[in-house]
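Subject: Structure handover

Hello,

Here is the structure I promised you. Please open it beside this email and follow along.

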Amino acid sequence: MADLAVSLPAGKGSIGLEASGPRGPKPRHVFSRRNIFLYGTLIVVALYYLLPLYVMVVTSLKGMPEIRLGNIFSPPLEITFDPWVKAWSSACTGLNCDGLSRGFWNSVRITVPSVVLSIAIASVNGYALANWRFKGADTFFVILIVGAFIPYQVMIYPIVIILREIGLYGSLSGLVIVHSIFGMPILTLLFRNYFTSMPEELFRAARVDGAGFWGIYFRIMLPMSLPIFVVAIILQVTGIWNDFLFGVVYTRPDTYPMTVQLNNIVNSVQGVKEYNVNMAATILTGLVPLVVYFVSGKLFVRGIAAGAVKG
Amino acid sequence: MTRLENPSVSIQDLSLNFGAISVLETLNIDVAEGEFIVLLGPSGCGKSTLLNCIAGLLDVSDGRIFIKGKNVTWEEPKDRGIGMVFQSYALYPQMTVEKNLSFGLRVAGIPRDEIAKRIARAAEILQIEPLLQRKPSALSGGQRQRVAIGRALVRDVDVFLFDEPLSNLDAKLRAELRVEIKLLHSKLQNTMIYVTHDQIEAMTLADRIAVMKGGVIQQLDAPQTIYNRPVNRFVAGFLGSPAMNFLDGRLEKDDGNWHFVAEDVRIPLATYAFEKQPVPGAAVFGIRPEHVAFNSGSGWPFTATANVVVVEPMGSDTLVWLKLANQNFTVRVTSERTPNNADTVSIGFDPMRASLFDAATGTRL
């Protein structure tokens with residue numbers, strides 16, 4: 001308060017109001033340099049990514065004679081679905097000649113329980129870490145996070161021995177356990193951070209209302225965390241479905257997941273290389289993650305929008 | 001600390017530390033049955049922490065908490081007989097208002113017709129009947145806070161805890177709900193403990209105010225006493241808007257009379273009621289802007305003239321900034337008598353209404 005002198009900005013005088021001149025929104029040209037550059041880049045990038053998919057689809061719809069002509073970009077002259085049928089039900093992998101269908105159902109039997117189990121455990125872990133600061137919570141969390149940085153390859157052999165000792169080596173349940181454990185660090189981190197971001201007063205209000213550990217989890221936290229569950233499901237379904245390493249290490253030929261079977265079909269060195277069957281098999285294998293992205297993408301956005309309304 | 005006969009809430013030697021950081025230090029407070037206590041202080045003073053300890057949401061490091069004569073130090077929040085209202089309302093967003101109100105009762109397994117009865121009563125008291133089937137996201141801030149109060153109401157408890165319940169509302173709604181809370185208290189006659197940093201809320205609502213700083217209760221008294229006779233400089237400066245004037249100077253005794261001296265200003269203290277036997281030395285003289293008379297003759301124990309530095313019109317009245325003994329000094333003046341900048345004006349006041357503080361310790365002299 002020592003110096004209370006105030007300097008006013010120098011007056012600019014009145015600004016003349018002109019009758020003509022710009023008014024309203026600034027006009028934008030469709031073919032401006034900015035638009036050409038922006039959309040040009042987008043189109044080039046989109047083509048770059050879509051071209052292989054296009055080649056795969058058209059090749060899978062051609063017969064072998066047509067493929068031998070060598071025009072991989074030309075659309076099929078005669079559309080045939082035989083390669084798809086063969087890839088699904090009669091392509092040979094090793095001793096079995098029942099196509100990818102066996103691998104598909106194996107993958108379903110691996111993915112569904114792994115996703116459910118890992119998300120169920122990780123969400124409770126994250127909830128406990130975020131809201132119930134128990135003794136040693138920080139240490140536990142650090143150990144879990146360090147787990148996320150250890151390369152999988154280091155643990156393959158020890159896990160083989162562990163599974164053998166408990167009699168689960170080569171079975172689907174063994175692989176489910178492996179997937180659930182390896183999903184734990186990243187999922188727990190995901191859930192912990194989400195639950196931490198929720199207002200703590202909500203948790204306190206529920207405690208004053210008398211809800212316990214599970215009461216708060218199921219009745220307050222769970223209904224509010226749909227978006228993060230969708231994110232976790234996307235992560236786990238695509239991750240586990242696309243897994244090759246664990247699948248090939250921890251299962252036997254008759255329990256191979258789809259990815260391993262696809263590899264065996266594509267890499268078989270006997271007989272004619274049936275490009276059309278290979279392409280169809282690859283698309284079939286990739287279909288599940290693709291569907292998950294398309295379906296849950298919408299759900300995901302809706303979930304986030306619903307969660308954005310703060311109570 | 002005087003102890004009450006039959007306190008509704010009694011906190012005895014309560015301490016709380018997080019590691020090396022001490023948040024609350026051997027705190028003692030008794031709240032009478034049906035009393036409205038406001039815990040007032042700047043942020044970080046431990047007032048919300050104290051409330052959370054009473055609610056049982058934080059474990060205490062030492063001391064005991066009694067509610068209705070029962071030692072609840074180790075009890076779960078739900079077993080303490082408390083209802084709590086939070087600053088952010090903390091309504092469950094996925095439930096309707098009705099479900100929000102009934103959640104605690106459903107958890108406790110209370111029969112359905114009893115739940116319906118209690119919700120009807122709470123909804124009637126708070127006038128939220130038309131909102132019962134809505135989700136919290138479809139409510140305005142004031143309605144949400146009403147529902148939050150209703151959630152405490154249906155629990156049928158002895159003690160209500162409010163954790164800055166009006167801080168998220170705009171000024172107009174805050175004033176409305178303040179009155180409603182006061183009406184609610186006079187209707188229910190429950191014990192209420194209310195945390196706020198807003199001195200207006202504290203002054204208007206409280207039977208007694210506990211002014212806190214650094215985890216220690218500075219003064220616990222009726223609002224008027226705290227306002228007029230603050231025990232230290234912190235309490236004096238924290239309450240009152242515009243803030244109390246403080247003049248740095250010395251306490252001197254000549255011809256048997258005590259004077260406060262700051263440069264050329266000599267304030268006679270004949271009418272001031274000393275708290276203890278004064279000794280000469282550095283002191284701080286405090287007087288509220290509304291206790292200073294402005295251009296009103298020479299009939300005051302102390303008068304002076306000063307130059308106006310700046311005027312701040314506030315509508316109902318005007319705050320005039322002056323220089324007295326080369327220190328800032330404000331006077332509250334009715335709007336009609338607003339002076340101009342650089343005017344020379346006369347002021348006068350009775351030191352009876354002033355407060356004197358020790359310059360070093362800040363305690364009242």
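Start with helix 4 of chain B, which lies across strand 6 and strand 7 of that chain. Its direction makes an angle of about 170° with strand 6 of chain B. Keep in mind that this is a predicted model.

Now look at the two strands under discussion. Strand 6 and strand 7 (residues 159-163) of chain B run parallel. They are joined by 4 bridges. One residue pair to find: Gly83(B) has Phe160(B), in strand 7 of chain B, as its bridge partner.

Next, zoom out to the sheet. It is an open sheet of 6 strands in chain B, with the order 6-7-8-3-9-10. The pairing is mixed. Which strands sit at the edges? They are strand 6 and strand 10 (216-221) of chain B, and each pairs on one side only. On average, neighbouring strands of this sheet are turned by 15° against each other, direction ignored.

Helix 2 of chain B is the next stop. Its buried residues are Val97(B), Asn100(B), Leu101(B), Ser102(B), Phe103(B), Gly104(B) and Leu105(B). What do these buried residues pack against? They pack against helix 3 and helix 4 of chain B. Just after helix 2 of chain B comes Gly109(B), with a positive phi of about 70°.

Then there is the backbone. Most residues other than glycine have a negative phi, and most peptide bonds are trans.

- Tyr89(B) is not a glycine, and its phi is positive, near 70°. Find Tyr89(B) in the loop between strand 6 and helix 2 of chain B. Buried or exposed? Tyr89(B) counts as buried, because it has 26 C-beta neighbours inside 10 Å and the cut-off for buried is 20 or more.
- Gln127(B) is not a glycine either, and its phi is positive at about 55°. Find Gln127(B) in the loop between helix 3 (112-126) and helix 4 (141-153) of chain B. Gln127(B) has 11 other C-beta atoms within 10 Å, so it is exposed; the cut-off for exposed is 12 or fewer.
- Ser241(B) and Pro242(B) are joined by a cis peptide bond, with omega about 0°. Pro242(B) is in the loop between helix 8 (233-238) and strand 11 (245-254) of chain B.

Now turn to chain A. How many helices and strands does chain A have? It has 13 helices and 0 strands. Chain A has 311 residues, and 29% of them count as buried. Take the contacts in chain A between residues at least 6 apart in sequence. Of these, 73% join residues at least 24 apart.

Last, see where the chains meet. The contact takes 18 residues from chain A and 24 residues from chain B. On the side of chain B that touches chain A, strand 6 (82-85), helix 2 (97-107) and strand 16 (302-313) each supply at least two residues. Which element of chain B gives the most to that side? Helix 2 of chain B does, with 3 residues. By type, the residues on this side of chain B are 17 nonpolar, 6 polar and 1 charged.

Best wishes

Methods
Residues numbered from 1 in each chain as written. Chains lettered and ligands numbered in written order. Predicted model: local features only at pLDDT ≥ 70, side-chain atom pairs only at ≥ 80, totals over all residues. Contact = placed C-beta atoms within 7 Å. Nonpolar A, V, L, I, M, F, W, Y, C, P; charged D, E, K, R; others polar. Pairing = 2+ DSSP bridges. Axes fitted to C-alpha atoms, helices over the stretch in contact; angles between N-to-C directions.
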